[in-house]
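Welcome, and please load the model in your viewer. We will go through it one selection at a time.

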Amino acid sequence: MRQVDDIKRMVDEFSSFARMPKARPERDDLNECIRQVTFLMRVGNADIDIVEDLPETPVIAQFDRRLLSQALTNLVKNAVESVQTFAESAERPEGYKGRVEVHVRREGEVAIIEIIDNGTGLPKQNRARLLEPYVTTKGSKGTGLGLAIVQKIVESHGGTLSLEDAPVTPERPRGALLRITLPAPIDLASAKRVIAA
């Protein structure tokens with residue numbers, strides 16, 4: 001049964017990757033999109049702190065909420081799994097508490113979303129290959145399509161995805177930072193042109 005479930009998951013992810021629907025961007029608030037994602041992830045992971053750091057005012061951009069929600073859910077889910085793996089490892093420091101942070105900010109005509117965790121972190125070697133289909137660090141548990149799907153969604157919005165090490169703090173001796181940069185022009189006419197290109 002477990003093997004059947006694994007195969008079904010792989011088929012579902014492959015189908016999502018192969019038949020990615022075309023993005024249909026609309027004027028929307030990134031803060032609202034992120035609140036929905038983090039709320040749902042909190043419900044299923046009460047043992048982990050999942051927190052948002054959002055501006056007080058809406059961050060308006062042109063995006064397909066369904067597709068971007070899918071991408072953000074995948075990234076937060078990866079962060080949660082990384083935290084859970086680290087919590088079960090011998091390297092876990094005493095008093096460790098898993099934490100996933102989602103930050104949003106606007107810089108000029110760009111919106112930046114960062115997902116930061118205090119989990120196992122990303123490999124130093126061949127890190128960029130994690131964005132390629134079928135490359136995974138999860139062994140038999142992963143299909144290697146999650147980040148490839150996220151990248152495809154982000155690129156369909158005219159944005160970029162980068163994988164980095166999380167900034168080190170006393171509560172976060174290690175971890176990952178995944179950054180999505182999306183065009184968010186103040187002038188909506190130019191936003192439509194960027195996404196169409």
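Start by selecting residues 99–107 and 110–117: these are strands β4 and β5, which run antiparallel and are joined by eight bridges. Two strands count as paired if DSSP finds at least two bridges between them. Helices (H or I, at least four residues) and strands (E, at least two) are DSSP runs, numbered from the N terminus.

A note before going on: this is a predicted model, in which local features need pLDDT of at least 70 and side-chain atom pairs count only at pLDDT 80 or more, while totals for chains, interfaces and linings use all residues. Residues are numbered from 1 along each chain as its sequence is written, and side-chain values use heavy atoms, with hydrogens and water left out.

Stay with the β4 and β5 pair. Show Val 104 and you will find Ile 113 of β5 opposite; Arg 106 likewise faces Ala 111 in β5. Two residues lie between the strands of this hairpin, and Gly 108 there takes a positive phi near 65°.

Click Val 51 and look across to its bridge partner in β4, Glu 101.

Now widen the view to the whole sheet. Five strands form an open, mixed sheet in the order β2-β4-β5-β7-β6. The edges are β2 (49–53) and β6 (160–165); each has a single partner strand, so one side of each is left without a neighbour in the sheet. On average, neighbouring strands are turned by 15° against each other, direction ignored.

Which strands does α2 touch as it packs on the sheet? Helix α2 touches β2, β4, β5 and β7 (176–183), and its direction makes about 170° with that of β2. Contact here means heavy atoms within 4.5 Å; axes are lines fitted to C-alpha atoms, for helices over the stretch in contact, and angles run from 0 to 180 degrees between N-to-C directions. Then pick helix α4 (residues 146–156), which packs on the sheet against β6 and β7, its direction making about 135° with that of β6.

Finally, zoom out. The protein has five helices and seven strands, arranged from the N terminus as α-β-α-β-β-α-β-β-α-β-β-α. Of its 197 residues, 45% are buried, meaning under 20% relative accessible area (1.4 Å probe, protein chains only).

Key:
Buried means under 20% relative accessible area, exposed over 50%, partly exposed in between (1.4 Å probe, protein chains only).
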